[in-house]
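Hi everyone. Let me walk you through a structure. Please look at the screen.

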Amino acid sequence: MKKYDEVVKNAAGRLVPTILNGEEHIPFKGVGKYKPAGRKFGPRIASCADYPEDGNKVLGSLKEALVKAGLRDGMTISTHHHFRNGDLVANQIFDIAHEMGIKNLRWFPSASFPCHEHLIPYLEDGTIQRIEGSMNGALGRFCSEGKMAGLGILRSHGGRYQAVQDGEVKIDIAVIAAPTADPFGNANGVNGTAACGLLGFALADSQYADKVIVVTDNLVPFPAVPWQIQGNYVDYVVKVDQVGIAEKIISGTTKITKSPDRLLIAEMTAQFCEATGLIYDGFSYQAGAGGTALSIGNYFGDILRKNNWKARFIRAGSNKYPVEMLEEGLVEYILDGQTFDLDGVRSMRENPNHVWTSPFTSYNYHGKGNFASLVDIVVLGATEVDVNFNANVVTHSDGYLLHGIGGWQNTLFGKTTILPIPLFRDRIPVIRDEVTTLCAPGEMIDVIVSERGIAINPLRQDLIEKAKNSGLPIKTIHELKEEAEAICGVPDKPKFGDEIVAVIKWVDGTVLDSVHKVLK
Amino acid sequence: MDKTGTAGNKGPGIRSDVWVAVTPASAGGLQIDIRSKVKTLFGRQIKELTEKILRFFELENVRVALEDAGAVDFVLAARLEAAIKQVVKTDKEFLLPMLEENQTATGKDDFRFSRLYLPGNSPKLMLNAGVHKPNGLILDLEDAVAPAKKTEARYLVRNALRNLHFYGAERMVRINQGERGLEDLEFVVPHYANMVLIPKCEGAEDVLRVAERVQELLLQNNMTHSVWLMPIVESAQGVINAYQVAAADKQVAAMAIGLEDYTADLGTRRTNEGTESFFARSMVVNAARAAGIQPIDSVFSDVSDMEALAENVKRSKALGFDGMGCIHPRQVRVVHENFAPDAPEIEKAKKIYLAFKEAEAKGLGVVSLGTKMIDPPVVKRAVTTIELAINTGKLNIHWLDREKVKVKR
């Protein structure tokens, strides 16, 4: 099977294949232009007659569960990434598959982490044919250098849900690692030593996979509540000694930045939002867990306090900072997609206004709406932006895969999307003539805030007008680019091979861009 | 001929810098080994500049190793020149074209609320320093540079004066004490530094030596721009002689006090309240005012405590100081806000400005307010006060229109 075939130019002007790993896919047609037809994927009908009446689905080992689930060559195995770099389960699945001599598996994680570097030998020996999901670090290098047998497919969190729901990706076996579960298969992330908050990324897997295995190190008698994952979807439950390493599940990097330059950018972002009236009593925002995004949340908090306002909700990957705002009464709800620290886990467990969500409620584009488009201010990072406001979040400027798409593409549908970014990093200007990899069409990005000035997308005349007398350093994106190049010099373009190693999907399942092999 | 010259920094945490090793050889041409985290995008540019510099210094056979962490051109050039000059005897200087914006002059009585110290050998901290909008940026050759790095820092500071974007901040350099400081001036004065800070001054002589050398260098280089001097008194002796220091030369525009060394000299410890330095600070303020120059306060060293800094600035302003040093960019705003003109100062400035505009409209050469004549520097200062008030959010940018409306009523 060829990795890909039949390359065409899509509506964004990017050359993309239409046949990926032997299956037909649709090229990007424009934002909101592709209209799906037909019905959702229908999973196999099960019968209670085939499951124990006492509700005890516990098996002796993960291997036994995988064998019972029918693990064989060419299957699609899915996992979630709520344990981040502390995941102990995904690697074990493929250790078992390798030991059984199974080949050509497709790994379909919601994201991969440096701990999954362990899987490289399996990619080399054919146990795993390809990864469809984010590839960072060593896995990113492996794929970028063209060493993966299959074509990588990168999807957003919402795009992953859409792909599963639409039957584009049929999961044979979903393995759901759970901090707490009962023998029936109900599971949650709020209790247990590996507590990670919620299990939303595994929702689609539980609903649509052919076989579902829940793996836990904290097996409690029925009922495990809240049942974030419902046992009615689950085939087998496995008890192991440890599912995840707690200190690596809790990300230690999510602190407010101390860098004066980033603080300046954060402050300017908040000033911009205040000056243009984007912040008001009852507004909502999405802020990531990066150092700059957290300090923006802090400045938003100051503005709310000063005006005696409340935010209606924060869309978050939560940690202690949004939790403090919730507890202070500065915000009414946290709608949480993933929880980054123990304060977040505690708040989710105890506070009914700290709500766990899933890519279905927040991001799925093939649904009857999703709440990403209800958010007033969305603050995101990017590795590159071009003069047409197109943005890249997956590859470094040297062409290597560096980040997953995550919820990034999905949140672009918020009312105003702002990228607070430094104009250059280690001499590499962030604003380019053309992005290396297109992850967001320029029409989705409204504002760039840098330490040297703010550029507003000409499509947002309303913001340009409102920012006029703000006293903020409003510049054109070309001016910002020239300013960075005056300091750094004009960079060369990286050299790529013709070969495509991965593609970037848009939120509707169409193919937005190709990632080319890096020439060393 | 196997001597190797090295300069720059490498290792974890080093950014925007490059470590270079230059080894002249008898044959083999130019052998340049580049290791860089930005090699894909800037490898060609790094190689071209390196070759250009090697040719400039007439090195035809040489091995060069570069370990680059994203150094921009002026940093790479400084490192290479510093390394080359350890192994080659030459009087030549490799200079990149100077930024036009770095050839501007400053005035003796310009506002100097904040001056941000930058270690003279750390390019990482230099590139973005100006965006924090301090009134002055000090490239420090003295205490912030390790003794072994003093020479290579001179090339970096020289190149920074020429090619770093200062974003309107006054370009200042703190030179070393004594002979070394006089040598430092050769790297500073011909490259359009606006102000030289002279550390540990104890008498007029410490200032005069520098003032004379500055004038010599200006003459030698056929330059006429003003290089202002800011002596720093940091000892009991210096405080006692503060007036002699302040009045030593017409180029002295400000005098600062350095409290870390001063309190050590007294045999006491520095406190946030500053009781132990009350005499010294008052002395410096008084001496500076008597000499008609700006008294400038010491730095505040707890960079995490912005509230204590704000208190400190308020005390400082109340004592009569016109500004203070910053050791972290986040301090700049707090210093400005608390030194910024208060309501009565702003009202006075507005009156002067309006009187000036009225005189201008009437074609009068002389501005008067009530029965008082107003000198041009006073008008200029009023304009700056208004600008500062606007910039610090204490005055609406459209205040003039509102004044006109008031007049019409």
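One definition before we start: two strands count as paired if DSSP finds at least two bridges between them. Keep in mind that this is a predicted model.

Take chain B. B:Ile296 stands opposite B:Gly323 in strand E12 of chain B. The strand E11 (residues 294-297) of chain B is joined to E12(B) by 2 bridges. They run parallel. How does the chain cross from E11(B) to E12(B)? It goes through helix H11 (residues 306-319) of chain B. This β-α-β crossover is right-handed.

E12(B), residues 323-326, also pairs with strand E5 (residues 114-119) of chain B. Here there are 3 bridges, again parallel. In E12(B), B:Gly325 sits opposite B:Arg115.

Now chain A. Here 3 strands make an open sheet, in the order E8-E28-E29. The pairing is mixed. Strands E8 (152-154) and E29 (511-518) of chain A have a single partner strand each, so one side of each has no neighbour in the sheet. From one strand to the next, the twist averages 40°. E8(A) pairs with strand E28 (residues 496-505) of chain A in the parallel sense, over 3 bridges. A:Gly152, for example, has A:Ala502 in E28(A) as its bridge partner.

Last, the contact between the chains. Chain A brings 18 residues and chain B brings 22 residues. On the chain A side, helices H8 (260-275) and H15 (477-488) each supply at least two residues. Which element gives the most there? H8(A), with 4 residues. By type, that side of chain A has 8 nonpolar, 3 polar and 7 charged residues.

Terms used:
Residues numbered from 1 in each chain as written. Chains lettered and ligands numbered in written order. Predicted model: local features only at pLDDT ≥ 70, side-chain atom pairs only at ≥ 80, totals over all residues. Contact = placed C-beta atoms within 7 Å. Nonpolar A, V, L, I, M, F, W, Y, C, P; charged D, E, K, R; others polar. Axes fitted to C-alpha atoms, helices over the stretch in contact; angles between N-to-C directions. Right-handed = clockwise from strand over helix to strand, strands pointing away.
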